[in-house]
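The structure is shown first, and the description follows.

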Amino acid sequence: MDFARFGPLVRRRIRNFYAFDERPDELLLEFFKRTPPQDSATCDSVWALATRYCMKNLREGRRSALLVAPPPGSWAEQANASSTPGYQQLTRSWRDLTPQMLELLIYAEVDGMSAGQIAELINEPRSWVVDQLHARAKQVRA
Amino acid sequence: MTFRLARDGHLLDVDIDALIRDDLDRSLREQVESHAADCIDCRRRLDRGREDYRAPLPARAAPTPEPPRPPAPPRAARPAAAVRASPAPPVSEAAPELPPTPVAAPPAPLAADPEPSAPINLDVDSARRRQRWEAPKAPSEPARGRTREA
Ligand SMILES: [Zn+2]
């Protein structure tokens, strides 16, 4: 992975998650150390990889600012998303979510992506993404 | 991704990066730019993103994954003839007293990492399926047969 080319993008994703972390640069360097080079990397594919990398750190116990408030400069902050049911689910019960659902919710609630955009990003049928998000929303309302 | 606005019509975070990195084709770039021109909030996010890009990246560690090797004994300390004659250096040689060659320590594993050497999976597709179906027998099974109902 091209560090000079994609470093700022990965750093932005890491900052979304770990804005208040003492050493976000350490995460950045680790990401590039562990990600094999890829010729066909695009903004989107790197964004997805960086998201998974951040989620992995989250599951391993790194405290994420994203689970407290929408990250500064993000779509969620602009859209004032902290009060939406989806975002609240992220902050309150992310531990109960499967990694896959957590990823979908981050794209939807933090990045503001539509189901079609998420589907494209993760290479899944749109109908599947819609079903997942609907099922989740129903559960929240129940 | 082909359509670049968030579901409420504002810019996606990844749009902002793509625009700054000049990764959008012309028509998309025009869409994104024209939105940013009209929307003060998105313009602010775009400016913030540009700041992120201007900030210098941290220095990367030396590209070699191995830790630095102990310095070789200075060549000059050894008589040229001895080098040629004996492959094993005499013990009495005037070489600096190095401890027995420390075996290069393996790179320290990353803290709290259950799979320290697992690379990040670039195959978005198969990683996703693996997560979904939890198929331990054939982790890289492409499973292309699944119908795309979209
Ligand atoms: Zn906007």
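## Asparagines with positive phi

N123(A) is partly exposed, with a relative accessible area of 33%; buried means under 20% relative accessible area, exposed over 50%, and partly exposed in between, with a 1.4 Å probe and protein chains only. The model is predicted: local features need pLDDT of at least 70, side-chain atom pairs count only at pLDDT 80 or more, and totals for chains, interfaces and linings use all residues. Residues are numbered from 1 along each chain as its sequence is written, chains are lettered from A and ligands numbered from 1 in the order in which they are written, and side-chain values use heavy atoms, with hydrogens and water left out.

N123(A) is found in the loop between α7 and α8 (126-141) of chain A. Helices (H or I, at least four residues) and strands (E, at least two) are DSSP runs, numbered from the N terminus. Although N123(A) is not a glycine, its phi is positive, about 60°. Most residues other than glycine have a negative phi. N80(A) also has a positive phi, near 55°, and is a residue other than glycine. N80(A) is placed in the loop between α4 (75-78) and α5 of chain A, and at 55% relative accessibility it counts as exposed.

## Chain A and its helices

Chain A contains eight helices and zero strands, and its pattern along the sequence is α-α-α-α-α-α-α-α. Of the 142 residues in chain A, buried residues make up 60%. Among the contacts in chain A with a separation of 6 or more, 62% are between residues 24 or more positions apart; contact means heavy atoms within 4.5 Å.

The helix that precedes N123(A) is α7(A). Six of the eight residues of α7(A) (residues 115-122) are buried, so this helix is largely enclosed by the rest of the structure. The buried residues are A115(A), Q117(A), I118(A), A119(A), L121(A) and I122(A).

## Helix packing

Two helix pairs are set out in the table. Axes are lines fitted to C-alpha atoms, for helices over the stretch in contact, and angles run from 0 to 180 degrees between N-to-C directions.

| Helix pair | Axes come within | Crossing angle |
|---|---|---|
| α1(A) (residues 3-18) and α1(B) | 10 Å | roughly 155° |
| α5(A) (residues 85-93) and α6(A) (residues 99-110) | 9 Å | roughly 135° |

Angles under 35 degrees count as roughly parallel, over 145 as roughly antiparallel, 65 to 115 as roughly perpendicular and the rest as oblique. α1(A) and α1(B) are therefore roughly antiparallel to each other, whereas α5(A) and α6(A) are therefore oblique. A crossing is left-handed if the near helix is turned anticlockwise from the far one by less than a right angle, and right-handed if clockwise. α1(A) passes α1(B) in a right-handed crossing, while the crossing of α5(A) and α6(A) is left-handed.

Between the chains, L9(A), R12(A) and N16(A) in α1(A) meet D13(B), I16(B) and D17(B) in α1(B). Within chain A, G86(A), Y87(A), Q89(A) and L90(A) in α5(A) meet L102(A), L105(A), I106(A), E109(A) and V110(A) in α6(A).

## The zinc site and its surroundings

The zinc ion is coordinated by H10(B) through ND1, H35(B) through NE2, and C39(B) and C42(B) through SG, at 2.0 to 2.3 Å. Donors are N, O and S atoms within 2.8 Å of the metal (3.2 Å for Na, K and Ca); water is not among the atoms, so sites may look incomplete. The angles among the four donor atoms are 102 to 116°, and the site is tetrahedral, a term that applies to four donors if all angles lie between 85 and 135 degrees. The donor residues are spaced H-x24-H-x3-C-x2-C in sequence. H10(B) lies in the segment before α1 (13-20) of chain B and C39(B) in the loop between α2 (26-38) and α3 (40-54) of chain B, so the pair ties together parts that are 29 residues apart in sequence. C39(B) counts as buried, at 9% relative accessibility.

Q78(A), in helix α4 of chain A, is buried, with a relative accessible area of 17%. Leaving aside neighbours within four places in sequence, Q78(A) is in contact with H10(B), C39(B), D41(B), C42(B) and R45(B).

Elsewhere in chain B, I20(B) lies in helix α1. With neighbours within four places in sequence left aside, I20(B) is in contact with L46(B), G49(B), R50(B) and Y53(B). The C-alpha atoms of I20(B) and Y53(B) are separated by 8.0 Å, and the two residues are 33 residues apart along the chain.

How values were computed
Tetrahedral: all angles 85-135°; square planar, octahedral: opposite > 155°, others 65-115°.
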